Amino acid sequence: MDDDRPIFLQIAELIENSIIDGSLAEEAQVPSTSELAAFHRINPATAAKGVNQLVSQGTLYKRRGIGMFVAGGARARLRERRRERFTEQYVQPLLAEARKLGIGHDELMKMIDSFGAVVGRDLG
């Protein structure tokens, strides 16, 4: 926890990331709020607030007396939400700046492809 954002949001995002990357599968049990609090050295109420946010979004659900579990379809829903946020935060501003600079589609695609070669990755 080293971000300026509230800790409960960081806890929720950590769980979301684990669902997206597959380390927490659908229907898998999520660490308890006590475990999250102990591991991250935070107040259990803060951990619970992050978990409850995911419950209210339908990402997690509670089995009475057992714990919290990843809801079916959660990974796909999270990926879609993150893609929308990615478009708003990165793609739209990139395209707006490219237009201001007179960078056309082909030139922009070359820039992206050459950057991918620099970092040694293909986005496909």
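A residue counts as buried when its relative accessible area is under 20%, as exposed when that area is over 50%, and as partly exposed in between, with a 1.4 Å probe and protein chains only. By this scale Glu 16, at 10% relative accessibility, is buried.

The model is predicted, so local features need pLDDT of at least 70 and side-chain atom pairs count only at pLDDT 80 or more, while totals for chains, interfaces and linings use all residues. Residues are numbered from 1 along each chain as its sequence is written, and side-chain values use heavy atoms, with hydrogens and water left out.

**Salt bridges**

A search of the whole structure returns 5 salt bridges, a salt bridge being a side-chain nitrogen of Lys or Arg within 4 Å of a carboxyl oxygen of Asp or Glu. Among them are the pairs tabulated here.

| Pair | N to O distance |
|---|---|
| Glu 13 and Arg 5 | 3.4 Å |
| Arg 81 and Glu 16 | 3.8 Å |
| Glu 16 and Arg 82 | 3.1 Å |

Glu 16, Arg 81 and Arg 82 are linked in a network of salt bridges.

**Packing of H2 and H3**

Helix H2 (residues 33–40) and helix H3 (residues 44–56) have axes that come within 8 Å and cross at roughly 120°, where axes are lines fitted to C-alpha atoms, for helices over the stretch in contact, and angles run from 0 to 180 degrees between N-to-C directions. The two helices are therefore oblique to each other, given that angles under 35 degrees count as roughly parallel, over 145 as roughly antiparallel, 65 to 115 as roughly perpendicular and the rest as oblique.

Thr 33, Leu 36 and Ala 37 of H2 are in contact with Pro 44, Ala 47, Ala 48 and Val 51 of H3, contact meaning heavy atoms within 4.5 Å.

How values were computed. Helices (H or I, at least four residues) and strands (E, at least two) are DSSP runs, numbered from the N terminus.
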